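Please look through the sequence and the three-dimensional model shown here before reading on.

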Amino acid sequence: DVHLNSGLASIGDGALMRTGLARLNVPATVRHMGRNFAIDTPLICGGAHATMRIDPLNPYLREDGQGGLYRITNKGLVLISMLSAATEHRVLEETVEIAPNAYSPSSSVESVVLPEGLRRIGKRAFSRCRALRHVVFPESLESIDDEAFYLSGLEELYLPARFSHLG
């Protein structure tokens, strides 16, 4: 187990990558968690067997109980990372953006439901998600950035009427 002090403000990109870390409690003071900060670890984020938890009093970060990690912004939630081996993921309703590399690489996600209100899918958000077959796109979606679905298994793409940018 790693015990993070209550004054910690940031966990960098890949900071805990490829460790044997089995349990992690993230204090309320952490404002930023880097991309793939815990990739290739036994940590489980969300669900009954979760071994990583974010302090519920954290005003900057939120988890969805399914493995999704979100940054809280004044415009809404931004999904910054998927930290579980779930095959299906329902993104939280308040989400306005999927951050770059949020799901990448995920070998297990097959289906994702994006909420109404989501406006942007970031660069390489689903890159190398080879098992991904189905994504439910909302009418509010306006932009999909470069290589968002690069090397994924996506079988169809629906672009809503107000859509304006395909990377």
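**A walk through the predicted model**

Asp 145 sits in the loop that runs between strand S14 (143-144) and strand S15 (165-166), where strands are DSSP runs of E with at least two residues, helices are DSSP runs of H or I with at least four residues, and both are numbered from the N terminus. The model is a predicted one, in which local features need pLDDT of at least 70 and side-chain atom pairs count only at pLDDT 80 or more, while totals for chains, interfaces and linings use all residues. Residues are numbered from 1 along each chain as its sequence is written, and side-chain values use heavy atoms, with hydrogens and water left out.

With a relative accessibility of 15%, Asp 145 counts as buried, a word that here means under 20% relative accessible area, whereas exposed means over 50% and partly exposed lies in between (1.4 Å probe, protein chains only). Not counting residues up to four places away in sequence, Asp 145 touches Arg 120, Ile 121, Gly 122, Lys 123, His 165 and Gly 167, a contact being defined by heavy atoms within 4.5 Å.

Ile 144 has its place in strand S14, and because its relative accessibility is 2%, Ile 144 counts as buried. The residues that Ile 144 touches, leaving out those up to four places away in sequence, include Ile 121, Phe 137, Phe 149, Leu 157, Leu 159 and Phe 163. Ile 144 and Lys 123 are 21 residues apart in sequence, yet their C-alpha atoms are 7.5 Å apart in space.

Leu 151, in the loop between S14 and S15, has a phi near 55°, which is a positive value in a residue other than glycine, and with 36% relative accessibility Leu 151 counts as partly exposed. Arg 124 lies in the loop between S12 and strand S13 (134-136), and Arg 124 likewise has a positive phi of about 55° although it is not a glycine; its relative accessible area of 32% makes Arg 124 partly exposed.

From these loops the reader can turn to the pairing of strands. Strands of a sheet pair through backbone hydrogen bonds, either parallel or antiparallel, and in this description two strands pair if DSSP finds at least two bridges between them. Strand S8 (residues 77-82) and strand S10 (residues 95-98) pair in the parallel sense over 3 bridges, with Leu 77 standing opposite Thr 95 in S10. S10 also pairs with strand S12 (residues 120-121), in the parallel sense and over 2 bridges, and there Ile 98 has Ile 121 in S12 as its bridge partner.

Another group of strands forms an open sheet of 3 strands in the order S1-S3-S5, with parallel pairing. Strand S1 (2-3) and strand S5 (52-54) stand at the edges of this sheet, each with a single partner strand, so one side of each is left without a neighbour in the sheet. Strand S3 (residues 24-26) pairs with S5 in the parallel sense over 3 bridges, and Asn 25 stands opposite Arg 53 in S5.

Two further residues show surroundings within strands. Tyr 70, in strand S7 (residues 68-72), has 0% relative accessibility and therefore counts as buried. Leaving aside neighbours within four places in sequence, the contacts of Tyr 70 include Tyr 60, Leu 61, Leu 77, Val 78, His 89 and Thr 95. Tyr 70 and Ala 102 are 32 residues apart in sequence and 9.7 Å apart in space, C-alpha to C-alpha. Ser 111 is found in strand S11 (residues 111-113) and, at 19% relative accessibility, counts as buried; apart from residues up to four places away in sequence, Ser 111 touches Thr 87, Glu 88, His 89, Leu 132 and His 134.

Finally, the chain can be viewed as a whole. The protein chain has 0 helices and 15 strands, and its C-alpha trace spans about 50 × 30 × 25 Å along its principal axes. Buried residues make up 47% of the 167 residues. Of the contacts in the protein chain with a separation of 6 or more, 22% are between residues 24 or more positions apart.
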